[in-house]
Amino acid sequence: MSKNHTEIYHLIDNSFISGFSESHIEYMKSYYYSFYSNYCISKNKSPLCKEKFFTNMRRHKVKLVQICCPYCGNMNIWILEGTISLGDSLNYCTSCGKKSASDNAFFQISRLIRIRHFHQSGLEKLKELSSEKDLKLLSYDIYQLELIEITSIIEVSLREFFVCLVYLTFQNTKNKYFDSIIKKSTGNDFMNIGKANNHYKKALDIDLRNLISCDCWNNLLDIVEIRNTIVHNNGMIDKKFRNTQTYTKIASMIEGNLIFLTPQIIQSYFNYVLELITSVTKYYNSLYENTLHSLIANFYFNSHPLNSDNCTWASLEDLIPKH
Ligand SMILES: [Zn+2]
């Protein structure tokens, strides 16, 4: 099982345990140990003593797996009996079916690569059979479809990262404001980097502009301008579009009222999307690594019946005196 701390499943071994802060570690060790010994007792096995249990954890027959899903808040502990490699098959959250934000983003990207590959070989074949004029019309549709696909990658990725970042930042205090941002009021805000950034800034105090180059930012805006023209105006450019900076930048691709995208421009847009996703993934991963253990410790501490009689979300850091 990978030691990558950004995934949903974490083998509870010594390295994982050492990730808990000084104020959380004893609480979590007791929690894990009682989970383990209860399991052994229920199966008529005799549990290892606490000290032995926390020594060479990867070698024990009965291992624990911590599940922590930043998408749906699924928090659970599983028993893994057998070899560690058995745990490799644990990938998707059993509650919501997702894997990890970066994984979902790269799934989207590889989808586009496959589509483009398919398109390219189709166009190669058609070259032999079609006149130049026919070919131009065929590729006109194909490159526009690819551009639309690119905008949906931006939308899906930025929305998913947003959901996860909200969870990491606010943990169990998700409230109606966030639900409405994510589900209702946003429409397709997340495909437009400018509108997406408003949500990131308002909810999370993250400025996406700081994560990507200025060039990338401007090109992401162009992508969505072109996409809107294609989708809402059947590909015909109008007066409004002629007044945009995007128009000036792609003027050489415009014939009459139509935009003839080229494979080069699609490739360049694709590279900007990669830049965006890579940067947000990096940001997310570092936040996730830094937050994961306190997220888990706070969850178990607050779900304990002795501690959950009031509705406020107490932090372990505040409640356990520092040594
Ligand atoms: Zn989940």
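**View 1. Helix α5 gives the largest share of the lining of the largest pocket, with five residues.** This is a predicted model, in which local features need pLDDT of at least 70, side-chain atom pairs count only at pLDDT 80 or more, and totals for chains, interfaces and linings use all residues. Residues are numbered from 1 along each chain as its sequence is written, and side-chain values use heavy atoms, with hydrogens and water left out. A pocket here is an open set of points on a 1 Å grid over the protein atoms alone, with protein on both sides within 12 Å along at least five of seven lines; a cavity is a set where a 1.4 Å probe fits but cannot get out, and lining residues have an atom within 4 Å of a point. The volume of the largest pocket is about 250 Å³, counted as the space filled by probe spheres set on the points, which are joined across faces, edges and corners. Thirteen residues, that is 13, line this pocket, and Leu123, Lys127, Ser139, Tyr143 and Pro263 lie nearest its centre. Two or more lining residues come from each of α4 (101-129), α5 (132-170) and α11 (263-303). Helices and strands are DSSP runs numbered from the N terminus (helices H or I, at least four residues; strands E, at least two). By class, the lining splits into five nonpolar, four polar and four charged residues. Nonpolar covers Ala, Val, Leu, Ile, Met, Phe, Trp, Tyr, Cys and Pro; charged covers Asp, Glu, Lys and Arg; the others, Gly among them, are polar.

**View 2. The second largest cavity holds about 40 Å³ of space.** Searching the whole structure turns up two cavities of 30 Å³ or more. Helix α4 gives the largest share, four residues, and both α4 and α5 supply at least two. Three of the lining residues are nonpolar, two are polar and two are charged.

**View 3. Zooming in on His119, we are in helix α4.** His119 counts as buried because its relative accessibility is 15%, and buried means under 20% relative accessible area (exposed is over 50%, partly exposed in between; 1.4 Å probe, protein chains only). Leaving out residues up to four places away in sequence, His119 touches Ile142 and Glu146; a contact means heavy atoms within 4.5 Å.

**View 4. The largest nonpolar core has 92 residues.** Such a core is a set of buried Ala, Val, Leu, Ile, Met, Phe, Trp, Tyr and Cys residues joined through side-chain atoms within 4.5 Å. Tyr32, Leu158, Tyr200, Leu261 and Ile296 have the most contacts inside this core. Helix α11 gives the most to the core, 18 residues. The core lies between domain 1 (9-97) and domain 2 (101-286), because both give residues to it; the domain bounds come from an automatic or database domain assignment. Pick out Leu158 and you'll find it touching Phe190, Ile193, Ala196, Tyr200, Leu208, Leu276 and Val280, not counting residues up to four places away in sequence. In soluble globular proteins, nonpolar side chains tend to be buried together.

**View 5. Two loop residues, Asn56 and Asp205, have a positive phi.** Most residues other than glycine have a negative phi. Asn56, not a glycine, has a phi of about 45° and sits in the loop between α3 (50-53) and β2 (62-68). With a relative accessible area of 45%, Asn56 is partly exposed. Asp205 isn't a glycine either, and its phi is about 60°. Look for Asp205 in the loop between α7 (193-204) and α8 (214-232), where its 71% relative accessibility makes it exposed.

**View 6. Thr246 sits in helix α10 (residues 245-250).** Its relative accessible area is 3%, so Thr246 is buried. Setting aside residues up to four places away in sequence, Thr246 touches Asp222, Glu225, Ile226 and Phe241.

**View 7. Ser34 belongs to helix α2 (residues 22-42).** Ser34 is partly exposed, at 33% relative accessibility. From Ser34 to Pro47 is 13 residues in sequence and 9.9 Å in space, C-alpha to C-alpha.
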